[in-house]
Amino acid sequence: MRKAVTIGTFDGVHRGHRLVLDTLKNEAAKRGLQPVAITFDRHPLELVAPERAPGNLMSPERKAENIRREGVQPLVLPFTEQLRSMRAFEWLDYIHRKYDVDLLVAGYDNTFGSDGLDMSIADYKAMGDAIGIEVISAPEEEGVSSSAVRKAVKSGEIEKAIQLLGHFPEIEGKVLPGFHVGSEIGFPTANLQVGQTIALPATGVYATLAYVDDSDKRVPAMVNIGFRPTFKGTERESNQLTVEAHLIGTEEGEMYGKKIRLEFVGRLRDEQKFGSIEELKSQLEKDREATLAKAHSARGHIQ
């Protein structure tokens, strides 16, 4: 079947992306084409300039899942040096021949090709005419971009990130053994190993919804991102940023080796140093109640 495509990183699959995907679906239906979103297995800067890579809002697998949920078939390509070096005309000709593309829907700031940075939609339309691809532009969701979402996430502005995304920001990681501090005070935690390319929220305590492995079951979880300052100067001090999730009602040992995805529904407070374990425990009890309240209000919200 001939295809209508859009091309982009689609990191976060935010409201602006979904406007492009809706445009793609509508235009594809008019022409009897299959709607496909061409995206990549990593942010281009991870290859081009790793030190400037901004951090991803979603794993490639989750990105593909969210695109598919919008009724569009994802096509995830490895972002290689060969692909990077393709000029815009070569790229359009390649997808026309390789993937039977007849229509390209370009986002408002969409650029592609090694020489495409300074090109306009008119340039792409002219090349498309020569190749046999119709090129049209999608409307803009003003103020919404992956960069804006990352900025909100990294500064801990979860409510703003939710508004931009249209769903909850998320991270995922594998559970590794930790210091067992939480279990000793009645708050067992899962110590998450999160990929280095993931955009983490600012240090602090958050209310989240947790999904274990591939389960659809939501579990309220309070999450601390930080350095455990209460234990500074002890054998349990952390010199590295940690992500620790207390899945309410779940035992610590049940989590080892499993994958957990966390959806952030709200920020509770800054990370802080307590004068005693009792003070810490008292605050964690308050955090647990606040998490349950936010998790309850989040059920059925957006997604």
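How are α7 and α8 oriented to each other? In this predicted model, in which local features need pLDDT of at least 70, side-chain atom pairs count only at pLDDT 80 or more, and totals for chains, interfaces and linings use all residues, residues are numbered from 1 along each chain as its sequence is written. Side-chain values use heavy atoms, with hydrogens and water left out.

The axes of helix α7 (residues 146-154) and helix α8 (residues 158-165) come within 8 Å and cross at roughly 160°, helices being DSSP runs of H or I of at least four residues, numbered from the N terminus, and axes being lines fitted to C-alpha atoms over the stretch in contact, with angles from 0 to 180 degrees between N-to-C directions. The two helices α7 and α8 are therefore roughly antiparallel to each other (an angle over 145 degrees). Contact (heavy atoms within 4.5 Å) brings A148, V149, A152 and V153 of α7 to K160, A161, L164 and L165 of α8. The residues of this contact divide into 7 nonpolar, no polar and 1 charged, where Ala, Val, Leu, Ile, Met, Phe, Trp, Tyr, Cys and Pro count as nonpolar, Asp, Glu, Lys and Arg as charged, and the others, Gly among them, as polar.

A cavity is a set of points on a 1 Å grid over the protein atoms alone where a 1.4 Å probe fits but cannot get out, with lining residues having an atom within 4 Å of a point. Of the 14 residues that line the second largest cavity, L57, V153, L165, P169 and E170 are the closest to its centre. By class, this lining of the second largest cavity has 11 nonpolar, 2 polar and 1 charged residues.

Definitions and conventions. Parallel < 35°, antiparallel > 145°, perpendicular 65-115°, else oblique. 1 Å grid on protein atoms, 1.4 Å probe; cavity = no way out; pocket = protein on both sides within 12 Å on 5 of 7 lines; lining within 4 Å.
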